[in-house]
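Subject: Structure handover and findings

Hello,

Here is the structure I promised you.

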Amino acid sequence: MSIQYNKTQTQPKINQSYKKILLNAFDMNSVGHINHGLWTHPRDESHRFNELSYWTDLAKTLEKGLFDGLFIADITGVYDVYQNNIELTLKESIQLPSHDPSTLVSAMAAVTKHLGFGITVNLSYETPYQFARRFASLDHLTTGRIGWNIVTGYLDSAERLIGQKGLKEHDARYEQAEEFIELCYKFWEGSWEDDAVLKDKLNRIFTDPLKVHSIQHHGKYYKSEGVFQVSPSIQRTPVLFQAGASPKGLNFASRHAEGIFIGGDQPEKIKIQVDNIRTLAQEQGRHPDDVKIFVGITVITAETDELAQEKLHDYQNYANAEAGIAHYSSSVGIDLSQYQDDEVIPYQKTNSIASVNQKFKEQVITKNDLKQQHQLGGRYPLFIGSGANVAEQLINFLDTSGIDGFNLTRTVAPESHHDFIQYVIPELQERGRYKTAYEHGSLRHKLIGQGDRLFTTHPVQKFRCCRADIHKDVIPDSTLNTATKHKNTA
């Protein structure tokens, strides 16, 4: 259940030895992303999402605020579950229209030096080779600032768009994802040796042929033979993000992801999720601190607490709770319009987002509950107050839950980002909980602090050059069984 934070916590000033907060802006190449209805606010400019200057200005703003990254969501398909149509989806622009997020990256990278870019791509509708080539190219063009949010999809409408009858069973999607990402590892890590590119004009050798290897993969879902077309980029494998919260999803995320997004509003309950994720990562041979965990939040801030409350009331006049519930209907795969406001919504097994749908089994939830949670059109925890107040709330939330950072959603664009940078970030910096300058290096190094490449404790290790077995059809199971931190391979 979403809750509203609007009281100062009794958190002392923090010294530099405490964990610094990681921060992504969370957005989408669309009008309505999380907080639905606010596109109607007179100061909101999200209707300009199809203009390149909207995104380049945002990138420059976020870099000014020392954000770690801009994380861009995406979906394939449309939200057509609520009322069994897309009428409200179209009227309120509930992630429709939405455009391809990867098209924005090069332009934003050209006007920034440090900001990372986490791009959502649904692997269910991609071929591994073309996807791996695109993201390796982006890693070159961004000088190592690209990340991939791995999703497997949850909309029947997406399946119909590509000519299928319906969504694959939940666990089967993760089985396919496992093979997809392993084939990508072969392309990114196993085809080219680091020193293959010579650029030797005198001897007319651009690439040493002995250091480029053919990939041979014949699996259940994919087949591929040949040489990867892209030479090694700074990170080779993009920074890997994932948001799976079901048992199958958590197993996948704790095995592969470097950044994991989880939901929740009560830090004590989130702490249980965080401890579970870190334990799972350790059981898979990884160091638990190599996984950075983020929670999505909404912040309304101003010069004083009173002015922040006034801003909240102003925004509430434009937000649309019903649009938020329509979005939520597709997330759980249930038409919530069929229930009365005070009627308890029963649990129904669907193939949509399992962890979200599970809440109907664990909690008593009515439409009135959902309307309250969607007071700004979205369900993320809402932090309200002056910059000092919000800073204390965020610090307390992070320290209690054990997470590493936040994905900050927009409300009124670009006003909410400017407000956060003006009021909250200086207060976090004063408390020693937010950086005052960027580290140099790749996105991976900025987030984890151990170089540009994935650790040898990550399952990517068995796909790296020049292991002979990566060029065979059968890949042996990983023998990694230690959580001891290793240095990156070159």
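Does R204 count as buried or exposed? R204 counts as exposed, because its relative accessibility is 77% and the cut-off for exposed is over 50%. Keep in mind throughout that this is a predicted model.

**Backbone: positive phi**

Q95 is another residue other than glycine with a positive phi, here near 55 degrees. Q95 belongs to the loop between α2 and α3. Its surroundings are another matter. Q95 has 4% relative accessibility, so it counts as buried, the limit being under 20%.

**Backbone: cis peptide bonds**

Which residues does a cis peptide bond with omega of about 5 degrees join? They are L96 and P97. P97 is placed in the loop between α2 (87–91) and α3 (105–110). Q95 lies in the loop between α2 and α3 as well.

A cis bond also runs from A413 to P414, and its omega is near 0 degrees. P414 is found in the loop between β14 (405–409) and α15 (415–430).

**Helix packing**

Two helix pairs are worth a look.

- α4 (residues 128–141) and α6 (residues 170–190): the axes come within 9 Å and cross at roughly 50 degrees. That angle falls between 35 and 65 degrees, so α4 is oblique to α6. The crossing of α4 past α6 is right-handed.
- α14 (residues 387–401) and α15: the axes are 8 Å apart, and the packing angle is about 55 degrees. These helices are therefore oblique to each other too. α14 passes α15 in a right-handed crossing.

Recall that P414 lies in the loop that leads from β14 to α15.

**The second largest pocket**

How large a volume does the second largest pocket have? The volume is about 460 Å³. The pocket is lined by 19 residues, and K20, I21, L22, K446 and L447 are the closest to its centre. Helix α16 (residues 443–448) gives the most to this lining, with three residues. By class, the lining holds 10 charged, seven nonpolar and two polar residues.

**Cavities**

Rolling a probe the size of a water molecule over the atoms shows where empty space is left. How many cavities of 30 Å³ or more does a search of the whole structure find? The search finds four.

The largest cavity contains about 80 Å³ of space. Thirteen residues line the largest cavity, and those closest to its centre are E258, D290, I448, L454 and F455.

R453 is in the segment after α16. R453 has a relative accessible area of 13%, so it is buried. R453 and T237 are 216 residues apart in sequence. In space, their C-alpha atoms are 7.5 Å apart.

N276 is in helix α8 (residues 267–283). Its relative accessible area is 35%, which means N276 is partly exposed. N276 and L250 are 26 residues apart in sequence, and 9.1 Å apart in space from C-alpha to C-alpha.

**Where to click**

- Q95, buried, with a positive phi.
- The cis bonds from L96 to P97 and from A413 to P414.
- K446 and L447, among the residues closest to the centre of the second largest pocket.
- I448, one of the residues closest to the centre of the largest cavity.

Best wishes

Methods. Residues are numbered from 1 along each chain as its sequence is written. This is a predicted model: local features need pLDDT of at least 70, side-chain atom pairs count only at pLDDT 80 or more; totals for chains, interfaces and linings use all residues. Side-chain values use heavy atoms; hydrogens and water are left out. On a 1 Å grid over the protein atoms alone, a cavity is a set of points where a 1.4 Å probe fits but cannot get out, and a pocket is an open set with protein on both sides within 12 Å along at least five of seven lines; lining residues have an atom within 4 Å of a point. Grid points are joined across faces, edges and corners, and a volume is the space filled by probe spheres set on the points. Helices (H or I, at least four residues) and strands (E, at least two) are DSSP runs, numbered from the N terminus. Ala, Val, Leu, Ile, Met, Phe, Trp, Tyr, Cys and Pro count as nonpolar, Asp, Glu, Lys and Arg as charged, and the others, Gly among them, as polar. Buried means under 20% relative accessible area, exposed over 50%, partly exposed in between (1.4 Å probe, protein chains only). Axes are lines fitted to C-alpha atoms, for helices over the stretch in contact, and angles run from 0 to 180 degrees between N-to-C directions. Angles under 35 degrees count as roughly parallel, over 145 as roughly antiparallel, 65 to 115 as roughly perpendicular and the rest as oblique. A crossing is left-handed if the near helix is turned anticlockwise from the far one by less than a right angle, and right-handed if clockwise.
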